[in-house]
Amino acid sequence: MNLLVAQAQQIEAPEIHYGAIAPVLIVLGAACVSVLLEALLPKHQRWAVQLLLSLLTLLGATAALVLYVTADDVPAQGVATLAGMLAVDTPALFLWGTLLVLAFGSILLIADRSVEPGGVFVAQAAIRPGTVQDRAQATKTGMQTEVFPLTLFALGGMMTFVASNDLLTMFIALEVLSLPLYLLCGLARRRRLLSQEAAVKYFLLGAFASAFFLYGVALLYGYAGSVKLSAIATAAAGTDRSDTLLFAGFGLLVVGLLFKASVGPFHTWTPDVYQGAPTPVTAFMAACTKVAAFGGILRVLTVAFENTQWEWRGVLYGVAVVSMVIGAVLGLTQTDVKRMIAYSSVAHAGFLLIGSIALVPDGEGVSATMFYLLAYGFTTIATFGIVSLVRNSDGEATHLSQWAGLAKRSPIVAATFTFLLLALAGIPLTSGFIGKFVVFSAAIEAGLTPLVVIALVASAVAAFFYLRVIVLMYFSEPAADGPTVTVPGAFTTIAITLGAVVTLVLGLWPTLVLEWAGTGTFLS
Amino acid sequence: MTPTYYLLLSALLFSIGAVGVLVRRNAIVVFMCVELMLNAVNLSLVTFARINGSLDGQVMAFFVMVVAAAEVVVGLAIIMSIFRTRRSASVDDSNLLKY
């Protein structure tokens with residue numbers, strides 16, 4: 001006993017830089033409070049209180065972030081806190097800001113009750129689909145308000161993920177962000193069988209991928225004797241351990257990360273889950289998970305594996321090509337709007353991977369990829385916001401044939417959707433063009449010119465299926481029993497406007513964001 | 001016994017788990033195979049901790065156990081809800097979302 005006490009006194013508590021990690025603490029703390037509210041408040045008050053709490057949390061976390069960034073005594077290269085577990089450097093702060101603003105838009109879409117009376121989430125998840133109770137809940141107002149704490153927990157996990165400086169923290173953050181998303185996917189009010197199927201598929205494949213990630217962590221621990229990213233980089237520079245451990249570990253780790261980012265051959269869950277999940281959750285997943293996953297990929301590749309890039313670059317080169325080709329070619333054959341955007345996101349993941357493997361010394365690849373993530377996130381949120389507006393009597397009308405002649409029914413919605421699709425295709429004067437431009441120029445600087453040529457061909461092929469939707473909306477006669485375009489309430493309007501305006505503004509003045517993204521690189 | 005044998009055993013268990021996920025049809029069994037993969041990783045973490053002479057790997061094994069427990073809660077809830085609808089836990093029956 002005395003020995004234990006004596007030993008405990010020798011352990012020094014690690015220093016915690018509260019100012020730097022305040023945004024994460026606020027989000028995770030509010031998520032816990034939100035769970036408590038769910039238990040204590042009567043049912044009719046929950047939606048309003050939870051929404052208010054979530055929005056205040058995001059505002060508070062953003063304010064804490066701005067206060068920290070604008071303070072005078074912030075070291076330029078960033079700080080490592082919590083015994084080096086979290087690195088709060090420029091990329092981490094940039095991605096936190098991106099995640100918080102994107103989550104703001106997503107929460108507004110999630111909370112909306114004007115498009116679908118009562119919200120798009122099921123009133124009680126335990127009710128069996130197809131029963132009398134299920135038909136009763138479909139028309140009832142009120143929804144399962146647990147979606148708010150689940151979203152906040154997922155957001156907290158994403159923020160930790162992009163800042164985690166060792167692989168164990170990264171694994172925990174990966175699970176904290178994934179588990180709430182699995183549940184959120186299964187909570188749609190309508191088409192509940194599809195929704196539940198999406199949740200099962202996402203869960204089983206996601207757990208499978210995290211097992212690969214974890215085995216990679218274990219092998220790298222065996223190689224470097226530590227899971228700190230900097231220790232792995234040091235070990236890779238010279239050690240007597242077998243390189244088999246390093247490369248097997250790297251491969252397994254990257255499979256787990258690429259799965260989350262829905263890249264290339266690891267994308268099989270993406271179309272199914274995007275289609276089956278409630279549309280606001282799809283928007284949240286498509287925008288924020290992509291940011292978090294690529295934030296993690298960038299950090300791992302830059303900090304831990306930069307020394308060994310000549311060994312692995314060829315492999316990720318191939319993965320990027322496969323991803324772009326799959327996204328562009330299979331996107332052509334889709335007949336469902338949500339699945340089409342899912343394949344478009346697979347193609348975009350390929351473009352993002354090009355930026356991630358362009359490790360040029362001045363960190364241009366990192367800042368370009370982060371800009372692309374931000375631009376893509378805003379465009380996607382607005383796109384899914386619009387998808388949720390086109391409806392018929394049994395919910396969203398997502399089949400492409402139902403979108404024919406939409407411009408005649410609602411010119412504004414059709415025009416906004418056209419603009420967003422052009423941004424996804426990468427037409428000038430949109431943020432999508434600037435994003436592609438900066439990523440491709442970083443890649444050329446890093447000597448990846450053939451890859452850029454393939455990417456340009458893939459963009460041209462992908463542009464075809466975006467243009468097909470535009471032609472369908474403007475030059476087809478609307479069907480007599482076609483869907484109606486719901487007039488959205490304030491929340492959805494704000495979310496769509498936010499996404500569309502950012503897409504336009506970043507297309508005209510990209511330096512607003514590019515300069516901040518380029519001010520620093522990862523802390524190693 | 002050299003610790004290498006434990007690493008080989010762990011790799012074998014991981015492969016059995018991975019093959020199980022790919023070939024089994026019942027969602028619960030698929031999920032058990034994922035758990036087998038996680039526990040195989042635990043074995044290699046503990047072995048590497050022994051080889052490296054540090055405690056980190058053993059501590060990580062505890063983290064993995066906690067995460068696996070949380071995953072069970074979420075996973076079984078999802079599998080339960082789809083089982084109550086379909087009266088079957090077969091992953092082949094969930095085939096509405098395709099192409």
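How far apart do the end C-alpha atoms of residues 164-460 of chain A lie, and what percentage of the span is helix and what percentage strand? The end C-alpha atoms of residues 164-460 of chain A lie 36 Å apart, and the span is 77% helix and 2% strand, where helices (H or I, at least four residues) and strands (E, at least two) are DSSP runs, numbered from the N terminus. This is a predicted model, in which local features need pLDDT of at least 70 and side-chain atom pairs count only at pLDDT 80 or more, while totals for chains, interfaces and linings use all residues. Residues are numbered from 1 along each chain as its sequence is written, and chains are lettered from A and ligands numbered from 1 in the order in which they are written. An unreviewed UniProt entry annotates residues 164-460 of chain A as "domain: NADH:quinone oxidoreductase/Mrp antiporter transmembrane"; such annotations may be inferred rather than shown by experiment.

The axes of helices α3(A) and α4(A), lines fitted to C-alpha atoms over the stretch in contact, come within 10 Å and cross at roughly 165 degrees. That angle makes α3(A) roughly antiparallel to α4(A), a term for angles over 145 degrees.

An open sheet of three strands has the order β4-β3-β5 in chain A, with antiparallel pairing, where pairing requires at least two DSSP bridges between two strands. Its edge strands, β4(A) and β5(A), each pair on one side only. Strand β3(A) and β4(A) pair over two bridges, and the bridge partner of Asn392(A) in β4(A) is Gly395(A).

| Strand | Residues |
|---|---|
| β3(A) | residues 390-392 |
| β4(A) | residues 395-396 |
| β5(A) | residues 484-485 |

Conventions:
Axes are lines fitted to C-alpha atoms, for helices over the stretch in contact, and angles run from 0 to 180 degrees between N-to-C directions. Angles under 35 degrees count as roughly parallel, over 145 as roughly antiparallel, 65 to 115 as roughly perpendicular and the rest as oblique.
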